[in-house]
Amino acid sequence: MTGPRLLALQMRSDLTRFSRNPQSRYFTLLLPIVFLVIFAAIFKGNTLVNGRAVKLTTFYVPGIMALGIISATYVNLTVSVVARRESGELKRVRGTPLPAGFVIASRAAVGIIVAVVMCAVLMLIGRLAYGVPIPRGSMPGLVLAVVVGAASFCCLGFAISSFITETDAAAPLANLTVLPLYFISGVFIPESQIPRLLHDIANLFPIRHLAQALLISFTTAHGSGIRAGDLLIVAAWGAAGLLIASRTFQWSPRAG
Amino acid sequence: MSDVVIRVRGLRKSYADREVVRGIDFEVRAGEILAFLGPNGAGKTTTVEILEGYRTRNGGEVRVLGEDPAGADGHWRGRIGLVLQSCAMPPELTVHELVGLYAGYYPHPRPVGETIDLVGLSDQRDARTSGLSGGQQRRLDVALALIGDPELVFLDEPTTGFDPSARHHAWEVIANLRALGKTIFLTTHYMDEAQALADRVAVIADGRIVAEGTPDTLGGRDHAASDVAFTLPPGHRLGELPAELVARAALRGEVVHLTTGEPARVLHVLTGWALDRGLDLHDLTVGRPTLEDVYLRLTEPPGPSP
């Protein structure tokens, strides 16, 4: 079987597994939608973004898109990679002629595909339920932010999976690293309400920069909506994750 | 063209400063089933994982299908099949989906349906793997090892945790593999498994091969003294036996074992003694030491010297 066909076969299988996995269905697919609906129902009115008044729903659609991207890539990928490694599945696959890179690429591609689909669904709900316009003009910047964000958080997922030795610890640890950041990175709460110190802390991590890059696409009236500075920081985190993963990734079970 | 499939010469492996494989040699020939036996911690798993290409070695020469597993590529992996010691199956896929996926990994796979039939999972074809019993999961594992139509199959404790009927079914599957001309490297804890399946047996203990041979000749089993065993009739003591028998007797529980190079003579004396007293010896047996007896003797940790 040729390379592209083999990769397609592996991706189809990984997508099937994603769609049948309860953790993926409820946490990755359903939870971001629930968050959007709840936040939109509780918080009404406007907030300030770069000195301009913006409807809170227009703030929450890109914010929850950032959460959806990170859930689909970083969290879901970490949980599945640790589970597959600890069950012996990765070791077994490593014993077949399937090139190792295909296992990695397929799993990352599935994360990116799911992230893109999640973003489309969240934007559609935002448009239909809350009248948040889909930013046609700045679509190139939005798509770039989604793809760079998804790819970078896949790399970070591969990196952290090397440091988690137990299957049961994967979901709690992955969530522990992102949940506090959602609160201070302008995902759950508008940045205008975040104290300076917490804002400065959030600024060190990639979640704020991804959320900013997405938000700007929804709030700029003109231009491509590309936030190069934010995307470069996100990509740098991704590159660091890839470097760590390439040096620490394990195919055999760590526990026992 | 040599028909040696696995050749190991002076293999050594250390972890930190502990040497777990201390220079071992053996060969496996094409079409043969070699049972590789040894207690936990003897270096067995380390050796198998070096042969499978999962671990590197510190010394010695290893050739598996003519290549060094340490530097083996996808082409080499396509010629071997693996059943690892423990491997959970992807719970989200069905038997047919999983075997079909693995078929795609190999250049010349066996037919998917036929391979599922071979391991006896035809009725579970469309079942999710999470719904299979332990024995069925293990058989699925064997199907994945065979789907690439390998020349050499590693089976690492393939029947551990099976009930007796599942084990006998698995043995049939393995015997079928032999009929297909596969070379099989089998590790097991069960001596009856080695006896039933293996052409040759190699025993590793404390990092060294301590014996090698056919199951019937291992450790000089075929030349060993016979063992005459029976339960001491109630109300009788070992000391009441004729002195000639007492001298060669060992009592294990209620069972007397007489070790002898002349089983006919010993039986004659013993049965004469029993008939004179109107006794019968209901569980009287005569046999050579079992493979298990030989194995236990070979792998016994060295006791304190007298």
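Biologist: Let's start with the hairpin of β11(B) and β12(B): how many residues sit between the strands, and which residue takes a positive phi?
Modeller: There are 2 residues between those strands, and G253(B) is the residue with a positive phi, near 65°. Keep in mind that this is a predicted model.

Biologist: Over how many bridges do β11(B) and β12(B) pair?
Modeller: They pair over 4 bridges, in the antiparallel sense. One pair to look for is A249(B), whose bridge partner in β12(B) is L258(B).

Biologist: And what sheet do they belong to? What's the strand order?
Modeller: It's an open sheet of 4 strands in chain B, ordered β11-β12-β10-β13, and the pairing is antiparallel. The edges are β11, residues 249-252, and β13, residues 285-287, each of which pairs on one side only. On average, neighbouring strands in this sheet are turned by 25° against each other, ignoring direction.

Biologist: Which helix packs on the sheet?
Modeller: That's α9 of chain B, residues 263-276. Helix α9(B) touches β10, β12 and β13 of chain B, and its direction makes about 20° with that of β10(B).

Biologist: Back to β10(B), then. How many bridges does it make with β12(B)?
Modeller: β10(B) and β12(B) share 6 bridges, again antiparallel. Across that pairing, F230(B) stands opposite V256(B).

Biologist: What about β10(B) and β13(B)?
Modeller: Strand β10(B), which covers residues 226-231, pairs with β13(B) over 3 bridges, also in the antiparallel sense. There, V228(B) has V286(B) as its bridge partner.

Biologist: Zooming out, what domains does the assignment give for chain B?
Modeller: It gives domain 1 at 4-219 and domain 2 at 226-287. The strands β10(B), at 226-231, and β13(B), at 285-287, fall within the bounds given for domain 2.

Biologist: How many Å apart are the C-alpha centres of those two domains?
Modeller: The centres of domain 1 and domain 2 of chain B lie 43 Å apart. As for the whole chain, the C-alpha trace of chain B spans about 75 × 45 × 40 Å along its principal axes.

Biologist: How many helices and strands are in chain B, and what percentage of it is buried?
Modeller: Chain B has 10 helices and 13 strands. Buried residues make up 37% of its 306 residues.

Biologist: New topic: what does chain A look like in terms of helices and strands?
Modeller: Chain A comes to 10 helices and 2 strands.

Biologist: Why call chain A as compact as a globular protein of its length?
Modeller: Because its radius of gyration is 18 Å, close to the 18 Å that the globule rule gives for 256 residues. The C-alpha atoms of chain A fill a box of roughly 55 × 40 × 30 Å, and 45% of its residues count as buried.

Biologist: What about contacts inside chain A, how many join residues at least 24 apart?
Modeller: That's 82% of the contacts between residues at least 6 apart in sequence.

Biologist: Last one: how many residues are in contact between chain B and chain A?
Modeller: 19 residues of chain B are in contact with 19 residues of chain A. On the chain B side, α2 (74-77) and α3 (95-105) are the elements giving two or more residues, and α3(B) has the largest share, with 4 residues.

Biologist: And by class, what's on that side of chain B?
Modeller: You'll find 11 nonpolar, 5 polar and 3 charged residues on the side that touches chain A.

Notes:
Residues are numbered from 1 along each chain as its sequence is written. Chains are lettered from A and ligands numbered from 1 in the order in which they are written. This is a predicted model: local features need pLDDT of at least 70, side-chain atom pairs count only at pLDDT 80 or more; totals for chains, interfaces and linings use all residues. Two strands pair if DSSP finds at least two bridges between them. Axes are lines fitted to C-alpha atoms, for helices over the stretch in contact, and angles run from 0 to 180 degrees between N-to-C directions. Two residues are in contact if their C-beta atoms, placed from the backbone, lie within 7 Å. Ala, Val, Leu, Ile, Met, Phe, Trp, Tyr, Cys and Pro count as nonpolar, Asp, Glu, Lys and Arg as charged, and the others, Gly among them, as polar. The radius of gyration is taken over C-alpha atoms; the globule rule is 2.2 Å times the number of residues to the power 0.38. A residue is buried if 20 or more other C-beta atoms lie within 10 Å of its own, exposed if 12 or fewer, and partly exposed in between; C-beta atoms are placed from the backbone. Domain bounds come from an automatic or database domain assignment.
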